[in-house]
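Work through the exercises below with the structure open beside you. Try each task before reading its solution.

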Amino acid sequence: MRAFTRGLLGIAGFLVLWELLGRSPLIPAHALPPPSVVFGELVTQLTSPEFIGHVVATVLALLIAIVIAIAIAVPSGLVLGSVPAVRHATRAVVEFLRPIPSVALIPLALVMLGFGPETKITLAVYAALWPILFNTIYALDELDPLLVDTARVFGTGRLGVLFLVALPSALPFVLTGIRLAATTALIVMVSVELMAGSQIGLGYFIMEARSGPGRMDQVLVGTVVAGAIGVLLNNGLERVRRRWVAW
Amino acid sequence: MSNMLEVADLGHTYGDYEAIGGLSFTVRAGELVCVVGPSGCGKSTLLRTISGLIEPSRGDVSLKGSHLAVVFQDYSRSLFPWLTVQGNVEFPLRSLPRAERRVRAAEALEWVGLSGAARKRPWQLSGGMQQRVAIARALAYRPSLLLMDEPFASVDAQTRFELEDLLLRVRREHDTTVLVVTHDIDESVYLGDRILVLSGSPARLVADLEVPLPAERDQVTTRTDEGFVALRSKVARLLNVGKPSMDVEKWAEAERESLSETVSS
Amino acid sequence: MTKFLQRWTVFAGLVAVWQLLGWFADDPFFPPPSKIVSAAWDWWVLEPENFTGHVVPSVVRLLSGWVIASVLGVSLGLLLGRSDRAMEYAGPLLVFLRSIPPPALVPVFLLLFKAGTSMQLATIVFGVIWPVLLNSVDGARSVDVTKVDTSAVFRIPRWQWVLGVVLPAASPKIFAGLRVSLSLSLVLMVISELVGTDNGIGSQLMQAQREFDYTRMWAGIVLLGVLGYGLNTALLAVERRALAWQPRSRDEQHA
Ligand SMILES: Nc1ncnc2c1ncn2[C@@H]1O[C@H](COP(=O)(O)OP(=O)(O)OP(=O)(O)O)[C@@H](O)[C@H]1O
Ligand SMILES: [Mg+2]
């Protein structure tokens, strides 16, 4: 409880600093509206169906992207992690693909997929793949050979070992990978919305607020909400990991 | 002979758990004093208060001189893996000029017989060698008091004998004042000029015994010496070995009385 | 050697398949590798001012942003990591700040710093500081009790405590953070160049898109991939040297 209070004090201190900075003549008032203004605007926006629509669009696209990324990365990770030959063979390809930043693919995705949600979902999937894939492979590396041998002794086949032994013991790592992936996907999602001029979403809201009326308070409302989504996702997935994966 | 360390009515409580209660003793210059006590009685706590790592709840510790070195039981953790053996020995000497640091480290490594290992990393050495590095580091610091917390508890028996003799040799050659904490009765008698026997928690001083053995000791002859055997069984009796546990307070009182009788008779 | 062959064979095979498909399909979206390479050659080698005017500034910004973030992140992280109290105050705030998608702050930085290098640096620094910071906190916390006691007993000076004990003890974690940050800085470099500049790899990509020049777009993407691969390899080499004191070499493929 003490620690909780201190955490709140830390955040309060940050807000006070921001308020002072925002009101000081050092910084042009329109560039950094103080938190009092931003929170007023936040309340207004949270009751506006249009803003809620943007938030829902982003969160929905994000969830779809995460699910697709899991569906691709976990099976691939299981294959790469349990068949060394495949892993060595594909290693150079993977090492070359991984550092390509997903945002670099924005222009390509735009011309191929257009301005709809497909673009941002595809790019978020691409970004979210890697942490899940690598954590799954890593988890299989860490797999206790004794467990596998035990299962083999009891006549479990290769697939059986994969699903009954490898997958459950890899789960904590995989969930950590998913948590990292979710954060990354959120960043990419908002970036794409911001820059690729999609028609809806939190990033689009921020872009509109900036380029149209230059409402920095609305920009910051969007930012704060995006940060809040990030915290919720992160803590939620962390809690899932702790609740379901007790071993 | 002057007193190097004076401890007066030292007590420490963790929360409301009393670990040591009212200890008073002195260590004279050049002396090697062993502290024995049952496991968990508060020996490490005593050492930590003397070394200033924790502030005692009450009482006074006064040390002549300012330097103090500690050799911990866990050598693998007290040595820094990112430094070489020589770097580890030089670790406390950073305020000295580089050349002097070198000389002192080389010297200390020679005392413990590790001149050849100066460029190695600690983890490339055996456990006994690592503990010798820790001893060399402490000696290079030229402490007015060297504290050791169960320094030989984590090495095998053979190495342990070697390290005990090493300690006796270097402290004789360099006139170091040493306070060794141990739970091994034989070790305390073999090493010490004096033995402080502590009771179980809270730690109280049960006895302060002179060791009636010559300064030169030998793993074979000393350990079969009559004086050694007699003192060892006395310490064992004081530590209540083999007896069912009873009221510590009363027991310590009784032991003290019987002891003063034997001393006066 | 066989492993080396194995991995590059598949890589080369995939490139070859792509090349063949590209020839036969003749799809403007997927030019064959030969065309991409020749476009890259024309673009950056035959016109060196494209290289010095776009690629070099991008890399300089990326590295400066990463270095600034690393220095800030490590110093702040070691400080916070050695004080439970400070971490209690700062922890929740850090969690929130870390969760903000950095591109969302680009408009704010644009107004605060004007378009240009300082705004781009701010974006990169804000975006990549978190892995370094949080890993440094973790690392600084991991100094074990015996080492803390040993340092206290020998009364070593403060600078030696920080640079000689806490920093090396935390360095394995710090390097893990540095690697994540480095690959993130590539992302943020591109993001910061997509708006408000006319130089850099990112802006060249945008321009290629506007001109529907898919081959150049691919060249830019490949360049970024090569850049990321090269930077990561270089950092791994530095890490291997810096952490050579570690008793056991660790698994390197896990980022
Ligand atoms: N930081 C602490 N907080 C609370 N209690 C502690 C702490 N450190 C030690 N104790 C308790 O104080 C008592 C004495 O501990 P200490 O480590 O001094 O014993 P010891 O004689 O060195 O034991 P051992 O022979 O096992 O090394 C123990 O019962 C221990 O549980
Ligand atoms: Mg102890």
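**Exercise 1.** Find which residues Arg7(C) touches, leaving out residues up to four places away in sequence. Then decide whether Arg7(C) counts as buried or exposed.

*Solution.* This is a predicted model.
Step 1: Locate Arg7(C) in helix H1 of chain C, which spans residues 2–25.
Step 2: List the contacts in chain A: Arg7(C) touches His88(A), Ala89(A), Arg91(A), Ala92(A) and Glu95(A).
Step 3: Take the relative accessibility of Arg7(C), 19%. Buried means under 20%. Arg7(C) therefore counts as buried.

**Exercise 2.** State how far apart Arg7(C) and Phe96(C) are, in sequence and in space.

*Solution.* Step 1: Along the sequence, Arg7(C) and Phe96(C) are 89 residues apart.
Step 1: From C-alpha to C-alpha, the distance between Arg7(C) and Phe96(C) is 41 Å.

**Exercise 3.** Describe what surrounds ligand 1, and find which element gives the most to its shell.

*Solution.* Step 1: Collect the residues around ligand 1. They are Tyr14(B), Tyr17(B), Ala19(B), Ser39(B), Gly40(B), Cys41(B), Gly42(B), Lys43(B), Ser44(B), Thr45(B) and Glu150(B).
Step 1: Sort them by type. The shell holds four nonpolar, five polar and two charged residues.
Step 2: Assign them to elements. Strand E2 (17–28) and helix H1 (43–50) of chain B each supply at least two residues of the shell. H1(B) gives the most, with three residues.

| Residue | Part of the residue | Distance to an oxygen atom of ligand 1 |
|---|---|---|
| Tyr17(B) | polar side-chain atom | 3.2 Å |
| Gly40(B) | polar backbone atom | 2.9 Å |
| Lys43(B) | N or O atom in the side chain | 2.8 Å |

Step 3: Consider the cover. On its own, ligand 1 has 630 Å² of accessible area, and the protein covers 58% of this.

**Exercise 4.** Work out why the radius of gyration of chain B agrees with a compact globule.

*Solution.* Step 1: Chain B has 265 residues, and a compact globule of that length would have a radius of gyration near 18 Å.
Step 1: Chain B has 19 Å, which agrees.
Step 2: Taken along the principal axes, the C-alpha atoms of chain B fill a box of roughly 55 × 45 × 35 Å.
Step 3: Of the 265 residues of chain B, 52% count as buried.
Step 4: Among contacts in chain B with a separation of 6 or more, 70% join residues 24 or more positions apart.
Step 5: Count the elements. Chain B has 10 helices and nine strands.

Technical notes. Residues numbered from 1 in each chain as written. Chains lettered and ligands numbered in written order. Predicted model: local features only at pLDDT ≥ 70, side-chain atom pairs only at ≥ 80, totals over all residues. Heavy atoms only, no water. Helix = DSSP H or I, 4+ residues; strand = E, 2+ residues; numbered from the N terminus. Buried < 20%, exposed > 50% of the residue type's maximum accessible area, 1.4 Å probe, protein only. Contact = heavy atoms within 4.5 Å. Near = heavy atom within 4 Å. Polar contact = N/O pair within 3.5 Å; in protein donor to acceptor, adjacent residues only side chain to side chain. Areas by Shrake-Rupley, 256 points an atom, 1.4 Å probe, with all protein chains shown as cover. Nonpolar A, V, L, I, M, F, W, Y, C, P; charged D, E, K, R; others polar. Rg over C-alpha atoms; globule rule 2.2 N^0.38 Å.
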